[in-house]
Amino acid sequence: MKRIAIQGIAGSFHEDAARKYFEDDVEVVECKTFTTVCEMIDADKVDFAVMAIENSIAGSLLNNYQLIRDFHLRIIGEIYLHIQMNLLVNEGVTSADIQHIHSHPIALQQCMEFIESYYPNAKLHEKLDTAASAKLVAEEKMINAAAIGNLRSGELYGLKTLETGIETNKKNYTRFLILSKHGNPTKGTNKASVCFEVGHFYGSLARVLNTFAENQINLTKIQSVPIIGKPNEYTFHVDIEWENGENYDRAIHQVLKSASSLSILGEYKRGEIQNQ
Ligand SMILES: O=C(O)C(=O)C[C@]1(C(=O)O)C=C[C@@H](O)C=C1
């Protein structure tokens, strides 16, 4: 059984992602912060980590890009999870009783339309993860509060579901990266995450991007991450996909000539977004 570090506790979406990717062959190691997650891999206390990197509504988790670089972690895979949110309460609690709503900040953001329409006066409480909110509402036997999370967290902590599918946009996906300390060479890779820096002159970024295009490398994401302590300077993180591995190798060799630095954070098999 593989030991997997996640930020959050059992019942969180991170646990779902870990179970789905490793087909339930997991012992989840709960961590309070993403930094602890990275420390656990670094200290060889876990085999892998699962880390959210972006959500289709809330956007990228910029700090996680930084952590992956700081800890020199390898990206060995990815998984997309369709995120459905639910309003969870203790037995006997009705919608009229709800004055407080607890959840992860991104989960609250994903349900803002529902909250503003039905609970405009509720006090929102940001917690470390959705499952921790469900656990808190259950353990404290709150009778004027609800948690927002997945159905499993409700079952796990004994809450009932008052409303289901309360996310604003039904096409709500979170992409999770699978991280390890030592990347194992995998066969059949068709995607890579790389990061690079370019000089401050016109066309420097365009030249790198053109190199990918000229080699038929499909760019699926570009994210600039500020370099701390260097105002107006950025590291560019890109995700790229290819049909032919030779094109990828050639593109990387050519990019090395125009970027001032380049790191390959991982080569892996692209995850599929399953349309619901
Ligand atoms: O709180 C959780 O359950 C998490 O796994 C965190 C998290 C996130 O970081 O975005 C994961 C998926 C959802 O987008 C909402 C919250």
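Biologist: Which domains does the domain assignment of the protein chain give?

Modeller: The protein chain is assigned domain 1 (2–81 + 173–180), domain 2 (86–164) and domain 3 (191–268). Such bounds are taken from an automatic or database domain assignment. Between the centres of domain 2 and domain 3, taken over C-alpha atoms, there are 41 Å. Residue numbers start from 1 along each chain as its sequence is written. The model is predicted, and local features therefore need pLDDT of at least 70, side-chain atom pairs count only at pLDDT 80 or more, and totals for chains, interfaces and linings use all residues.

Biologist: What pLDDT does the protein chain average?

Modeller: The average is 95, and 100% of the residues score at least 70. The term pLDDT denotes the predictor's confidence in each residue, on a scale from 0 to 100. For the model, ipTM is 0.94 and pTM is 0.95.

Biologist: Which feature does UniProt place at residues 3–181?

Modeller: The record, an unreviewed entry, places "domain: Prephenate dehydratase" there. UniProt positions follow the numbering used here, feature names are shortened, and annotations may be inferred rather than shown by experiment. Over residues 3–181 the chain is 32% helix and 34% strand, with 13 Å between the end C-alpha atoms. Helices (H or I, at least four residues) and strands (E, at least two) are DSSP runs, numbered from the N terminus. UniProt also gives "domain: ACT", again from an unreviewed entry, at residues 193–269. That stretch is 32% helix and 39% strand, and its end C-alpha atoms lie 11 Å apart.

Biologist: How many residues surround the ligand, and which are the closest?

Modeller: There are 14, and the closest are Ser12, Phe13, His104, Asp129 and Thr130. A residue is near a molecule or strand if its C-beta atom, placed from the backbone, lies within 6 Å of it. Helix 1 (13–21), strand 3 (48–55), helix 4 (105–110) and helix 6 (130–139) each contribute at least two residues to this shell. By type, the shell holds six nonpolar, seven polar and one charged residue. Here Ala, Val, Leu, Ile, Met, Phe, Trp, Tyr, Cys and Pro are nonpolar, Asp, Glu, Lys and Arg are charged, and the others, Gly among them, are polar.

Biologist: What makes helix 1 mostly covered?

Modeller: Seven of the nine residues of helix 1 are buried, namely Phe13, His14, Glu15, Asp16, Ala17, Ala18 and Tyr21. A residue is buried if 20 or more other C-beta atoms lie within 10 Å of its own, exposed if 12 or fewer do, and partly exposed in between, with C-beta atoms placed from the backbone. Their cover includes strand 1 (2–7), strand 2 (26–31), strand 3, strand 5 (74–82), helix 6 and strand 11 (173–180).

Biologist: Why is Glu23 called exposed?

Modeller: Glu23 has 7 other C-beta atoms within 10 Å, and therefore counts as exposed. The residue sits in the loop between helix 1 and strand 2. Its phi is positive, about 50 degrees, although Glu23 is not a glycine.

Biologist: Is Asp24 buried or exposed, and why?

Modeller: Asp24 has 9 C-beta neighbours inside 10 Å, so it is exposed. Asp24 is in the loop between helix 1 and strand 2, and its phi, near 70 degrees, is a positive value in a residue other than glycine.

Biologist: What makes Ala52 count as buried?

Modeller: The count for Ala52 is 25 C-beta neighbours inside 10 Å, and so the residue is buried. Ala52 belongs to strand 3. Not counting residues up to four places away in sequence, Ala52 touches His14, Leu61, Thr174 and Phe176; two residues are in contact if their C-beta atoms, placed from the backbone, lie within 7 Å.

Biologist: Why is Val255 called buried?

Modeller: Val255 has 22 other C-beta atoms within 10 Å, and is therefore buried. Val255 lies in helix 9 (residues 245–258). Leaving aside neighbours within four places in sequence, Val255 is in contact with Phe196, Val208, Thr211 and Leu262.

Biologist: How do you know that Glu233 is partly exposed?

Modeller: Glu233 has 13 other C-beta atoms within 10 Å, so it is partly exposed. Glu233 is placed in the loop between strand 13 (218–226) and strand 14 (234–241).
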